[in-house]
Amino acid sequence: MISHPGLAPERTRKMILTALFSILCIIYVLPVFMVAMNSFKLNTYVKTDTFGWPRGESFAGFSNFVTGMTFGNYPFFKSAMYSFVITVLSSALILICTSMAAWYIARVDSLFCRAIYYLCVFSMVVPFQMVMFTLAKTADTVRLFGFWGPKLNTPWTIPVIYLGFGAGLAVFMFAGFVKSVPLAMEEAAAIDGCGPVRTFFQIVLPVLKPTLISVGILEIMWIWNDYLLPYLVLDRTMYMTMPIHIQYLKGSYGTVDLGATMALIFLSIIPVIVFYLICQKHIIKGVAAGAVKG
Amino acid sequence: MKHRDSAASLSSTLIRRPIRHWGWLFVGPMLLAFCVGFLYPFFRGIYLSFCRFRTTSDAVFIGLGNYSRALTDPGFVHAFWYTALFAVVSLVIINLLAFAVAYFLTQGIKGSNLFRTVFFMPNLIGGIVLGYIWSMIFDGILSKYNTSILMKTEYGFWGLIILVCWQQVGYMMIIYIAGLQAVPTDMIEAANIDGASRWQTLIRITIPNVMPSITICTFLSLSNGFKLFDQNLALTAGQPYLFAADGSQIRTTEMLALNIYNTFYSQNSVSRGVAQAKAVIFFVLVASLGLIQLFATRRKEVQQ
Amino acid sequence: MKKLIIALLVVLMAIAPIFAQPVTEAQTGSVYWLNFKPESDAVLQELAAAYTAETGVAVKVVTAASGTYQTTLTAEMDKEAAPTLFVVGNAAAVDTWGDYCYDLKGTAVANELTTDAYNLYDANGKLCSIGYCYECFGIIVNTDLLAKAGYKLSDIKNFATLKKVAEDIHARASKLGFDAFTSSGMDPSSSWRFSGHLGNIPLYYESVADGWTECPPTLKGTYLQNFKNLWDLYINNAAVAPNTLAVGGYDAEAEFGKQQAVFYQNGNWEYDALTTKYGLKDSQLAMIPFYCGVEGEEKAGLNCGTENCWAVNARAKEADIKATLDFMSWMVTSAKGTELLAKTFGAIPYKKAAAPANVFLAQANEYSAKGHYVMTWAFNYTPNVETWRAGVVSAMNQYDANQTDANWETVKTAFIQGWAAQYKAANN
């Protein structure tokens with residue numbers, strides 16, 4: 001093979017880049033690795049011997065995980081379950097309600113609709129600190145069906161709060177997408193005598209699928225990791241989510257068991273990484289789409 | 001234009017009218033939740049910023065006093081400058097790194113997909129957890145030098161910068177990759193044929209073509225920097241403190257959002273209204289950043 | 001598959017509200033106790049369960065994490081189901097929450113009190129809160145180890161002798177196999193022992209000199225040098241390096257429990273853990289006063305007092321107030337209640353109180369009987385106590401890392417100017 005003058009340096013350049021990035025990647029995952037490593041160390045060694053292997057006298061086996069489970073008089077699986085319930089219910093509720101609203105807003109396009117749309121855009125730029133003190137009180141006062149039913153401060157009803165505070169971005173993204181969808185199919189359905197509700201669920205929703213995934217991913221990432229909103233809104237006599245639990249342990253009195261805290265942090269990262277590895281493509285696409293719109 | 005009018009009128013008869021009967025179903029749930037979860041707390045918050053109150057239900061109107069207190073609080077002023085500095089520094093570093101990584105990962109090197117996956121990963125970890133992971137690492141390193149991240153403002157500042165870089169570089173990288181992939185290849189090829197160096201191609205062709213991504217990432221990292229809370233709370237929580245001449249505390253690594261939170265909860269009842277006034281000021285600040293961004297991206301869209 | 005997931009979601013969302021049971025408007029009322037002492041959480045949960053089992057009245061005990069009591073109370077008082085029983089432990093808290101306090105004068109539980117010393121009244125003479133336990137703190141000594149090092153408890157009479165003993169033990173630590181003091185970690189899990197309890201030295205002596213009856217707007221700091229004396233002794237005569245204290249992560253209780261140190265500054269509430277968890281015997285334990293170089297300190301006693309005072313939420317529902325008062329009087333009169341209270345709080349100032357088997361409290365009484373003066377809890381006057389202490393901790397961290405005069409000046413600023421600033425913030 002005749003050597004091409006420009007190609008060989010190009011190839012070495014690429015190989016160097018690959019090598020360089022491989023090293024960078026290893027550095028990049030080190031923090032997570034460190035958490036895993038320290039979760040097997042006895043309490044005092046987490047601070048004094050952060051970078052050493054857990055071995056001999058510093059090795060704790062799974063005892064950190066065992067103590068972590070009931071640490072602070074609150075079983076960890078309970079906060080994990082509430083985190084899961086809140087994330088799933090809230091994301092589902094947001095997706096359904098905002099996609100419906102966005103379709104209506106985009107298609108009807110009345111003054112009322114425009115007002116709602118701009119309110120949604122406005123809500124996107126309002127920081128949480130602006131509403132947090134009053135939101136906690138509101139969630140403690142308002143009940144699911146107005147004056148009746150459970151309050152909005154339980155994991156089963158907090159999705160309403162998430163829908164209210166997080167509607168902006170979702171409506172914005174859905175409305176943007178709906179506007180770019182041609183009317184032809186919906187018109188055909190209407191001519192065939194298909195009512196709006198059926199049209200929406202059978203025709204519009206499937207078309208919206210890519211945006212549904214993007215918005216869903218963004219909402220899941222937000223809600224799963226959210227600390228302040230559930231901390232202020234949830235009835236703290238009964239419920240914790242994982243971030244709240246971890247913050248509570250670190251701030252507690254008596255002695256902070258760092259080994260157990262690391263074990264819980266490790267446990268809370270695992271589902272995130274599994275979820276990421278499974279839905280990686282969608283997540284990256286969703287983020288790109290969300291960022292470009294919002 | 002004629003064509004569009006007729007399309008609109010067609011859609012109005014076939015689609016608009018029937019949907020309108022169902023408006024309560026389509027918009028109702030979202031609108032009700034929006035009122036409970038956003039509109040009411042928002043306006044109530046504005047009202048309370050003019051009040052003195054101990055709990056939000058026993059408010060007494062006092063006028064602008066809270067605002068003048070907020071603006072003369074040295075802790076708040078410090079938090080503002082600290083936050084602004086942090087936002088700008090993190091903006092520059094995150095975007096430089098993210099762009100560099102995205103640039104190299106779009107050159108067709110082996111393992112690009114894997115690298116992209118790894119770089120994005122920290123983005124999925126929540127702020128509280130991130131803070132504790134890095135506080136463990138920083139203290140692990142600094143304790144070798146017999147100090148701690150809580151001891152020096154500089155440590156806290158750069159520690160937080162490293163943390164947000166780790167978290168956000170991957171996110172911005174994704175946006176830059178999308179932008180870079182949209183740069184027309186024929187333009188780059190043409191430049192290569194003309195004998196332009198790699199550097200020249202980057203400056204003259206690539207960067208102008210990814211300007212929209214740069215705008216987005218700039219505003220995104222700026223507003224992320226301003227709104228940072230969880231990471232700040234978990235990493236240093238404002239330590240170390242300085243004392244002003246009159247003895248008032250300045251929590252040197254406390255950012256705006258945390259300052260508002262601390263003002264509301266950890267002091268006496270007078271400060272609740274002050275905290276709400278601070279929140280309104282904070283809102284005006286963040287909202288104007290956001291609106292400038294919307295305006296900037298809108299104008300770009302029109303131009304294209 | 002996809003349809004299944006969607007169907008499941010719909011079903012889940014439909015049944016979700018069922019899980020969130022609306023709070024039943026019970027006629028009997030219920031109790032919600034916002035607890036102030038995290039280390040008592042386990043016992044209080046037991047107490048609540050015992051009461052519920054006996055009477056069927058629901059009692060919820062929620063514990064705020066360290067340093068967040070005011071935060072949690074502020075948030076919770078704004079709620080519809082606000083705490084019915086909470087802690088108003090000092091004059092500043094009376095100022096803030098006085099309006100919310102139910103007048104406890106003449107209630108069954110107040111009539112059970114043996115002393116009025118720990119009760120707090122507002123300006124109009126309303127009985128806002130009543131003490132539910134009194135405590136003592138000082139320096140806990142492992143007398144066995146002290147003997148091994150060749151000393152007797154009676155060798156320590158004042159700061160000079162304490163310093164001599166401690167420095168000698170520290171110098172021979174590697175030979176003896178134990179050190180003088182346990183670690184003085186400054187992370188939130190133990191910094192309150194120093195910013196709060198050790199900080200009582202300058203506050204107490206100044207309060208005596210100036211005859212405090214309420215929170216003074218400024219602090220003189222005359223006795224800060226004495227605070228420094230003892231603090232220097234703690235941090236320079238322990239197994240851990242002073243400049244690592246800011247990071248914390250140490251477990252002083254375990255160090256003392258495992259007999260790695262002779263001295264451990266803490267209070268009578270440690271008795272339960274030291275004897276049951278670590279198996280130390282009564283004969284090994286003693287508590288000595290804060291000897292810090294003040295004139296006449298040979299006659300000092302332990303630091304006794306309380307910041308644990310119950311207040312009942314006057315704005316709670318009538319039925320809940322009644323339930324709470326019933327629960328309170330059950331706690332101080334029933335066998336089970338007094339037993340558990342004594343177990344976690346030590347001494348409670350009520351007529352039917354179970355006698356606590358607590359060496360430290362017994363010693364506090366001994367000191368008084370011998371005519372030593374009680375160091376009362378002058379830190380209860382601190383304005384904006386959590387903020388003020390956080391400032392002191394931050395300044396002490398700087399000092400521990402580098403024990404220079406300049407850094408000590410910062411600690412002084414945190415004490416003195418910090419006091420004035422917090423007083424101003426709290427009172428205008």
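How many residues of domain 1 of chain C are in contact with domain 2 of chain C? In this predicted model, 15 residues of domain 1 of chain C are in contact with eleven residues of domain 2 of chain C.

## The two domains of chain C

The domain assignment of chain C builds domain 1 from residues 19–134 together with 306–351, and domain 2 from residues 136–304 together with 362–427. Taken over C-alpha atoms, the centres of domain 1 of chain C and domain 2 of chain C are separated by 30 Å.

## Where the domains meet

Between them, domain 1 of chain C and domain 2 of chain C bury about 1100 Å², and 44% of this area is on carbon and sulfur atoms. Within domain 1 of chain C, the residues that lose the most area to domain 2 of chain C are Asn90(C), Thr306(C) and Glu307(C), which together make up 33% of what that side buries.

Across the interface of these two domains the rule finds zero salt bridges, while the count of residue pairs in polar contact, with both residues at pLDDT 80 or more, is one. On the side of domain 1 of chain C that touches domain 2 of chain C, helix 3 (69–77), helix 4 (91–97) and helix 15 (335–345) of chain C each supply at least two residues. By class, that side has four nonpolar, eight polar and three charged residues.

## An aromatic pair

Over all chains, the count comes to 83 aromatic pairs. One of them is formed by Phe137(C) and Trp377(C), a tilted pair with 5.5 Å from centre to centre and 45° between the planes. Because Phe137(C) lies in strand 6 (residues 135–142) of chain C and Trp377(C) in the loop between strand 12 (373–376) and helix 17 (385–401) of chain C, the pair ties together parts that are 240 residues apart in sequence.

Definitions and conventions
Residues numbered from 1 in each chain as written. Chains lettered and ligands numbered in written order. Predicted model: local features only at pLDDT ≥ 70, side-chain atom pairs only at ≥ 80, totals over all residues. Heavy atoms only, no water. Domains from an automatic or database assignment. Contact = heavy atoms within 4.5 Å. Buried area = accessible area lost by both parts, 1.4 Å probe. Salt bridge = Lys/Arg side-chain N within 4 Å of Asp/Glu carboxyl O. Polar contact = N/O pair within 3.5 Å; in protein donor to acceptor, adjacent residues only side chain to side chain. Helix = DSSP H or I, 4+ residues; strand = E, 2+ residues; numbered from the N terminus. Nonpolar A, V, L, I, M, F, W, Y, C, P; charged D, E, K, R; others polar. Phe/Tyr/Trp six-rings, centres within 6.5 Å; stacked < 30°, edge-to-face > 60°.
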